[in-house]
Amino acid sequence: MSERRQYYRIDHPVIIEHKCVSDEDVAHSNQPFQFEVSAYFSLQAQLHAIDAECSHYLHRISESFAPLSAYLQSLNRKIELIAQALTADSLKLDQGEPQFINLSEGGINFLSQQSLEPRQALALKLVFTESRLGMMLYARVIRSEAQAEGFEVAAEFLHMPENCRTQLARLILEAQARQRQNELYQE
């Protein structure tokens, strides 16, 4: 239980799909292959990964060359807008209804219509509705408890690629900043 508190947790709207997989699948692949995804889903994921890889360089450039950094950030924003326009139809909410999940860098809590056994390996497909960011990750069920709406599943992430961890950390920090800003605004 103490491990659960190692990471900051947020509640966030996400379209989630999950499939039970074998431990062998998890051992042989860092990211799930069990889902069909569009080229646009892959494009958006790759662009976010590149953005995460380059953020360190952009930070270093901003320390020495502020105008160049501002220009590169503008170009990056243009690319983001183009990608969002291209992927908007592909990542429509017809893939499922968003639900508020509880999320950290270490794991996830979500509602499932079926009970899942503790220690069961899962392939997860997450689409963050606000940013249109898509991720596919492996997780292991910690617990599955009956609720009025289904089963609340708690799972820890497994073998998360570093680019996914970076994207998730950024998403959580942005959500935390928005939450603080809203709290200040309400005071």
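Guide: Happy to! The structure holds three salt bridges, a salt bridge being a side-chain nitrogen of Lys or Arg within 4 Å of a carboxyl oxygen of Asp or Glu. Before we visit them, please note that this is a predicted model, in which local features need pLDDT of at least 70 and side-chain atom pairs count only at pLDDT 80 or more, while totals for chains, interfaces and linings use all residues. Residues are numbered from 1 along each chain as its sequence is written, and side-chain values use heavy atoms, with hydrogens and water left out.

Let's start with E17 and K125, whose side chains meet with N and O 3.6 Å apart. E17 belongs to strand 1 (residues 10–21) and K125 to strand 4, so this pair ties together parts that are 108 residues apart in sequence. (Helices, H or I with at least four residues, and strands, E with at least two, are DSSP runs numbered from the N terminus.) K125 is buried, because its relative accessible area is 6%, whereas E17, at 30%, is partly exposed. Here buried means under 20% relative accessible area, exposed means over 50%, and partly exposed lies in between, using a 1.4 Å probe and protein chains only.

With a relative accessible area of 17%, T129 is buried.

Since R140 sits in strand 5 and D23 in helix 1 (residues 23–28), the pair ties together parts that are 117 residues apart in sequence. R140 is buried at 12% relative accessible area, while D23 is partly exposed at 46%.

The remaining stop is R143 and E145, whose side chains form a salt bridge with N and O 3.5 Å apart. R143 counts as partly exposed because its relative accessibility is 22%. E145 is partly exposed as well, its relative accessibility being 36%.
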